[in-house]
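Please study the structure before reading the solutions.

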Amino acid sequence: MVGACHSCESCKNDLENYCPKMILTYNSIYHDGTFNYGGYSDTMVANERYIVHFPENMPLDAGAPLLCAGITVYSPLKYFGLAQPGKHIGVVGLGGLGHVAVKFAKAFGAKVTVISTSPSKKDEALEHLGADFFLVSRDPDQIQAAMNTMDGIIDTVSAVHPILPLLGLLKSHGTLVMVGVPDKPLELPVFPLISGRKMVAGSGIGGMKETQEMIDFAAKHGITADIEVVSMDYVNTAMERLAKNDVRYRFVIDIGNSLAATKP
């Protein structure tokens, strides 16, 4: 984001992301009426409130997705009391959001279980990302064995999917946090919420103060996104690959070198 009202309760509490007048970095209209192109711009000018300082050891390319995916999972882990050693955190979906959720949860000292529909992602989750356990969500035996074991679950999936099995994985007083955005409403079973005093919540990015805190934490713990750097002339191909989930896990556009290549 690059703007907000700076006078509402959310803004006063460093939660510009929940301001009703929040301005997105791209595909939105700025205060002066100009259109924002975000990462597709050759240059950007922004209010200093929305500038994040990168520590020297944080690479610009692999750190850039943390400003979206990173804060999207960091903020709910902190807010819902899950950023503590010994907590058992479930991460649903192993994509752009999910893979950094695993990294942050592990850095907080949590025990992490990746929950996925794809058994083929098991080695990636356990060996590469360092998760402790892997659950195939379509396997009722695996789900049954893990019932009532998790303190919280970060659900990153943007496809329509059942949440009843996920609620069953939570301990009493556990929280299921939705950070993915399915295009159709999900069915919410109420009885499991009542019987275990469980919560279903949502969370969207984070305020600028917390975003800076997240970047500093990531730099301290060596957390970056897994990326593939592409030039601007590859963007349409990247979008086609994105639609097929053919990226691990974020494309990053190299604007500087793309501009340099176009100069005579």
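**Exercise 1.** Determine which residues are linked into a cluster by ring pairs, and characterise the pair of Y74 and F104.

*Solution.* 
Step 1. Ring pairs join Y74, F104, F108 and F217 into a cluster. Rings of Phe, Tyr and Trp (its six-membered ring) pair if their centres lie within 6.5 Å; planes under 30 degrees apart are stacked, those over 60 are edge-to-face, and the rest are tilted. The model is predicted: local features need pLDDT of at least 70, side-chain atom pairs count only at pLDDT 80 or more, and totals for chains, interfaces and linings use all residues. Residues are numbered from 1 along each chain as its sequence is written, and side-chain values use heavy atoms, with hydrogens and water left out.
Step 2. By the ring rule, the count comes to 7 aromatic pairs. In the pair of Y74 and F104, the ring centres are 5.5 Å apart and the planes stand at 70°, so the pair is edge-to-face.
Step 3. Because Y74 lies in helix α3 and F104 in helix α4 (residues 96-107), this pair ties together parts that are 30 residues apart in sequence. Helices (H or I, at least four residues) and strands (E, at least two) are DSSP runs, numbered from the N terminus.
Step 4. Both Y74 and F104 are buried. Buried means under 20% relative accessible area, exposed means over 50%, and partly exposed lies in between (1.4 Å probe, protein chains only).

**Exercise 2.** Identify the residues that have a positive phi although they are not glycines, and locate the cis peptide bond.

*Solution.* 
Step 1. N27 is not a glycine, yet its phi is positive, about 60°. N27 belongs to strand β1 (residues 26-29) and is exposed, because its relative accessible area is 58%.
Step 2. H173, likewise not a glycine, has a positive phi of about 70°. H173 sits in strand β7 (residues 170-178) and, with a relative accessible area of 52%, is exposed.
Step 3. The cis peptide bond joins R248 and Y249, with omega about -10°. Y249 is found in the loop between α10 (235-243) and β10 (250-253).

**Exercise 3.** State what UniProt lists for residues 96-219 and describe that span.

*Solution.* 
Step 1. In an unreviewed entry, UniProt lists residues 96-219 as "domain: Alcohol dehydrogenase-like C-terminal". UniProt positions are given in the numbering used here, feature names are shortened, and annotations may be inferred rather than shown by experiment.
Step 2. The end C-alpha atoms of residues 96-219 lie 18 Å apart, and the span is 40% helix and 23% strand.
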